[in-house]
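Please look through the following structure before reading the notes on it. The points are grouped by topic.

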Amino acid sequence: MSRYRCISGAVIILLVILVLTACGGSSTTLQAQKLTPTPSPTPGKGAQLLTATARKINTATTLHGVFNLIITGQTFNGTVNSEIWNEAPNKNRTVVLQSSVSQFPTGEVNVTDGKHIWQYDPAKKVVYTGDVTPTTATPTTGTGNTTNGNSSPPIYRGEFLLNLVQTVLTHSDATLAPSSTYINGHATYDVHVEPQSQTVSGNSGNNGLGNFNYTGEIYIDKTTQLPLRVNLTIKNFGQVELDLPMLVLNQAIPASTFTFVIPADVK
């Protein structure tokens, strides 16, 4: 009898040990699950590049660049080469160096000092002037001095190209291509871009470019992390290729750059 009792007691003790071990293992597993944090999603390399490039441009105190634009579409067709000076927060000068697009004549000048705006149309020999609203930095109705005393609003498009680049950098989903592309001897990152969903569905945060739906590539210099070329297919507009052979940030710009002296022979 004592032998059976010993065996029975041993079995009971073994069962108790197994139960305690199982309970202890379960407790350890639950504790480990509670202590393991959920990792945050990490942006891909393409998104990181766009963010870094956008930060460089958006935080620059000054910008001076050459913007060579090729447009192929129903409304615009041709090339427009422009030189742009920009000083934060709201000073800009844009000069059309050469153009085959009638809407952007060669020699056209758009200037704003943050308070006033001038647009010089060399083809018509007319200068349009106006005031800029302080809250939005956009022009109010201006005055075009004509021989009959009538007035015309200024046509302000001097910052369009810069806004285009900023919008693509700031509001795009991005995918980095696996291979490098060389542009004018510079090794570049090839980043495929398309608008973020909130940009397509509304007009928020796209620098006044409206419902801007596009797909394309932006090529970023591997050394400077600045854009060298932007190729886009824009819905309901056409193909846009923008080359930036010169782009300099944070260099002093003379104050006279952001004023305009009206020539004597214009209206």
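This is a predicted model: local features need pLDDT of at least 70, side-chain atom pairs count only at pLDDT 80 or more; totals for chains, interfaces and linings use all residues.

Residues are numbered from 1 along each chain as its sequence is written, and side-chain values use heavy atoms, with hydrogens and water left out. The protein has four helices and 13 strands; helices (H or I, at least four residues) and strands (E, at least two) are DSSP runs, numbered from the N terminus.

**The whole protein**

- Of the 267 residues in the protein, 37% are buried.
- Buried means under 20% relative accessible area, exposed means over 50%, and partly exposed is in between, with a 1.4 Å probe and protein chains only.
- The protein has an accessible surface of about 15,300 Å², and carbon and sulfur atoms hold 56% of it.
- Accessible areas come from the Shrake-Rupley method with a 1.4 Å probe, and for residues only the protein chains shown count as cover.
- Among contacts with a separation of 6 or more, 49% join residues 24 or more positions apart; contact means heavy atoms within 4.5 Å.

**Helix 2 against helix 3**

- Two packed helices are described by the angle between their axes and the distance between the axes.
- Helix 2 (residues 45-58) packs on helix 3 (residues 160-170) at an angle of about 145°, and the axes are 8 Å apart.
- Axes here are lines fitted to C-alpha atoms, for helices over the stretch in contact, and angles run from 0 to 180 degrees between N-to-C directions.
- From helix 2, the residues Leu50, Thr53, Ala54, Ile57 and Asn58 meet Val165, Gln166, Val168, Leu169 and Thr170 of helix 3.
- The residues of this contact are six nonpolar, four polar and no charged.
- For this count, Ala, Val, Leu, Ile, Met, Phe, Trp, Tyr, Cys and Pro are nonpolar, Asp, Glu, Lys and Arg are charged, and the others, Gly among them, are polar.
- How many of the eleven residues of helix 3 are buried? Nine are, and helix 3 is mostly covered.
- The buried residues of helix 3 include Leu161, Leu164, Val165 and Val168.

**The nonpolar cores**

- A nonpolar core is a set of buried Ala, Val, Leu, Ile, Met, Phe, Trp, Tyr and Cys residues joined through side-chain atoms within 4.5 Å.
- The largest nonpolar core has 35 residues, and Phe67, Val193, Ile218, Leu232 and Leu242 have the most contacts inside it.
- Elements that each supply at least two residues of this core include helix 2, helix 3, strand 1 (62-73) and strand 13 (238-249).
- Helix 3 gives the largest share of this core, six residues.
- Another core, of eleven residues, lies apart from it and has Trp118, Tyr120, Val127 and Val266 among its members.

**Contacts of single residues**

- Leaving aside neighbours within four places in sequence, Leu242 is in contact with residues including Phe67, Leu161, Leu164, Val165 and Leu228.
- Val168 is found in helix 3 and counts as buried because its relative accessibility is 0%.
- With neighbours within four places in sequence left aside, Val168 is in contact with Leu50, Val193, Phe212, Tyr214, Ile218 and Leu232.
- Glu241 lies in strand 13 and, at 25% relative accessibility, counts as partly exposed.
- Glu241 is 173 residues from Asn68 in sequence, yet the two are 8.1 Å apart in space, C-alpha to C-alpha.
- Not counting residues up to four places away in sequence, Glu241 touches Asn68, Leu69, Ile70, Arg229, Val230 and Asn231.

**Loops and backbone angles**

- The peptide bond from Ala88 to Pro89 is cis, with omega near 5°, and Pro89 is in the loop between strand 2 and strand 3 (91-99).
- Lys125 is not a glycine, but its phi is positive, near 55°.
- Lys125 sits in the loop between strand 5 (116-121) and strand 6 (126-131), and is partly exposed at a relative accessible area of 40%.
- Gln225 is also not a glycine and has a positive phi of about 60°.
- The loop between strand 11 and strand 12 holds Gln225, which is partly exposed at 27% relative accessibility.
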